[in-house]
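Thanks for coming. I will take a few minutes to walk through one model, from the pairing of its chains down to single residues.

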Amino acid sequence: MNNQPIMDAIDPEILDRLAARKEEIDNGSPARPGIVAALALASVPVALAALSRDVYGQGALPAEIKGVLDFALALEIFEDEFYKAVLGTSAVAAQNAAFATVRPLAAAVPGAVNTLQQIQKHEAAHRATLLATGATNVFNLSGSSFDFTGARGAGNGPFAKATTDLAFLLQVAQGAEDTGVRAYKGQAGILMPNKAILEAALRIHSVEARHAARIRRMRRAAAGASAIVRWSGTVRGGGAPAAGATDLGPQAAMVAAAFEAMYGAGANATNSPNEINVTQAGVNVSTLSGTGFGPEAAQEAFDEPLERADVIKIVQPFFIPMIM
Amino acid sequence: MPESKELIISSSDQLLQATTRRRFLGVLAMGGSVLMLPAVFTACGDDGNGITEPGLDPRLDPDRYRLNLSNDTGILNYAYALEQLEAAYYTAALGSAGFAALSAPEKEVLSDLQKHEVIHEEFFKQVLGTAAIPKIAFNGATVASLVANRDVLLRTSQLLEDTGVSAYNGAGKYLTVAANLLVAGKIVSVEARHAAAIRDIRDGTNGRLFAGDDVVNAAGLDVKAEPGAVVTAVAGLNVLASPVSIGTGPTGTATADSPAPNPS
């Protein structure tokens, strides 16, 4: 690993203090769990950020940045626990039992379980990285904090069909990943004052986009899939149609409303445009000279952000505690 | 001419000039580097003073492609250069033997990617306006060799998309205007979707390569590269005929790279 540039830029006296503190921790001196995790992850930026806070006290992270990390952690715990329940690896037996019907259906599709495992591994890693970076599990979330049917604990919500139907399950997973992409994009500006945390968030953001693309391709491979679900993994159109859902289940209106929120505009449509948007930085990207591809390619070429309150509105039904 | 620790020799004429020879020795004495661009071997019209002689190709003039990454305009030009490369590559790909060998779903992917990258390219050209670097010229023979069959087409596409993701992830911290960071964020997730789609094609039914352990590390973080590493890696592909280089590096602290891996 080439870590010369960052080392060059840090005051040698600060480096000495950090190195001395790391040695103390290595030798058994008490430290917050986040720091130990950061050192174990061997991620230089994360470890430096955590050690700096340890040396210089808890007040180092401004409230806005801490707020973004806490919010991101809640989303990552939700995703991690969702995939663990689907895979049957949750610490909560009832969550594993809920997905018992759909699990063998996923196992029958070549590569599907591998994909779900790969995604779950990343969500768990994001959870650990965010904790190491300074996030706090402010809602005390655990495996039993979620109702994946979307009924806040009643277990009979509009997404219950995901526990018995693979196509429905993948629709929900795609929505969760795409919402994650929009959520990180919406928070990036707030992280600008802390370059190390911004970069970590950007690197999580693109992983969520990879996940969303693979799930789209799994859905497109199924019989009867809509061509709106692109083989390229990109988002065509906006609002509920952009989900490319073929089955909205028995509570169709509620599922359609959820997809509308996932792919539509946020409360502030200027800050959080509908995914169908083709105006970027004041430029209509569907009519650029030298293109002439029509609106769909222009919609696909740019993903749109969502603000925190919009994201919470989408995911709250899956969380039993209030996360407002 | 200000002395620097890097000397780029872009034309064979330069080798015959006393100023070039003096700088060559000076740069070596400082422990700097001398880069001879491919154009040196094909001859071109820039004598190194930034003034292009009439009738000679301005697309080989290094002064026109030297990036100043110390401000947002320079970072966006860096993105523009990468989007030009992707757009040119996929446009060449559409008519290639490699493309003809793809299945219908695979052709849909490459066709989508070509449109998206051309849109990104034209978008940057429009927003940068007169501050935009000129159109980059490409080495046609190299590009042709990289679209000649299905395997090289998909491997090169994977490398370009992963490189794009790493470049945006590494450059975001240098942007100072939130609106610019947001635009970069809107594009990088699309590049990541592309990378995942191409990787998934190459993966068959394994189901893990879309976000494989070769690009997502144990902390769950995707690829990331500093601009200098990206420009060097792209130069190594030998597809750029125009001499794109970094004149002034970004302002801020570089972080350790996790570069896009060469597809196996």
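Contact here means heavy atoms within 4.5 Å. By that rule, 67 residues of chain B are in contact with 68 residues of chain A. Before going on, two notes on what you see. This is a predicted model, in which local features need pLDDT of at least 70, side-chain atom pairs count only at pLDDT 80 or more, and totals for chains, interfaces and linings use all residues. Residues are numbered from 1 along each chain as its sequence is written, chains are lettered from A and ligands numbered from 1 in the order in which they are written, and side-chain values use heavy atoms, with hydrogens and water left out.

Back to the interface. Chain B and chain A bury about 5,500 Å² between them, with 61% of it on carbon and sulfur atoms. Buried area is the accessible area, taken with a 1.4 Å probe, that two parts lose on being put together, summed over both. The rule finds twelve salt bridges across this interface; a salt bridge is a side-chain nitrogen of Lys or Arg within 4 Å of a carboxyl oxygen of Asp or Glu. Lys173(B) forms a salt bridge with Glu199(A), and their closest N and O atoms are 2.6 Å apart.

Which elements of chain B give two or more residues to the side that touches chain A? They are α5 (104–128), α7 and α8 (178–203) of chain B. The largest share, 19 residues, comes from α8(B). By class, that side of chain B has 32 nonpolar, 20 polar and 15 charged residues. Nonpolar covers Ala, Val, Leu, Ile, Met, Phe, Trp, Tyr, Cys and Pro; charged covers Asp, Glu, Lys and Arg; the others, Gly among them, are polar.

Now chain B on its own. Its secondary structure comes to nine helices and four strands. Helices (H or I, at least four residues) and strands (E, at least two) are DSSP runs, numbered from the N terminus. Of the 264 residues of chain B, 55% count as buried. Buried means under 20% relative accessible area, exposed over 50%, and partly exposed in between, with a 1.4 Å probe and protein chains only. Residues 24 or more positions apart account for 76% of the contacts in chain B with a separation of 6 or more.

One helix as an example: α9 of chain B, residues 227–236, has Pro227(B), Val230(B), Val231(B) and Val234(B) as its buried residues. Seen down the axis of α9(B), these fall within an arc of 95°, so they line one face of the helix. The arc is that of the directions from the helix axis to the C-beta atoms. An α-helix has 3.6 residues a turn, so residues three or four places apart point the same way. On the other side of α9(B), Thr232(B) and Gly236(B) are exposed. What covers the buried residues of α9(B) includes α3 (72–94), α7 (150–171) and β4 (245–248) of chain B. After α9(B) comes Asn238(B), with a positive phi near 60°.

Last, a residue in chain A. Gln171(A) sits in helix α9 of that chain, residues 166–187. Is Gln171(A) buried or exposed? At 2% relative accessibility, Gln171(A) counts as buried. A polar atom of the Gln171(A) side chain lies 3.1 Å from the backbone oxygen of Asp247(A). Beyond its neighbours within four places in sequence, Gln171(A) is in contact with Arg219(A), Ala245(A), Thr246(A), Asp247(A) and Phe259(A).

Key. A polar contact is a pair of N or O atoms within 3.5 Å; within protein, one must be able to donate a hydrogen and the other to accept it, and residues adjacent in sequence count only if both atoms are side-chain atoms.
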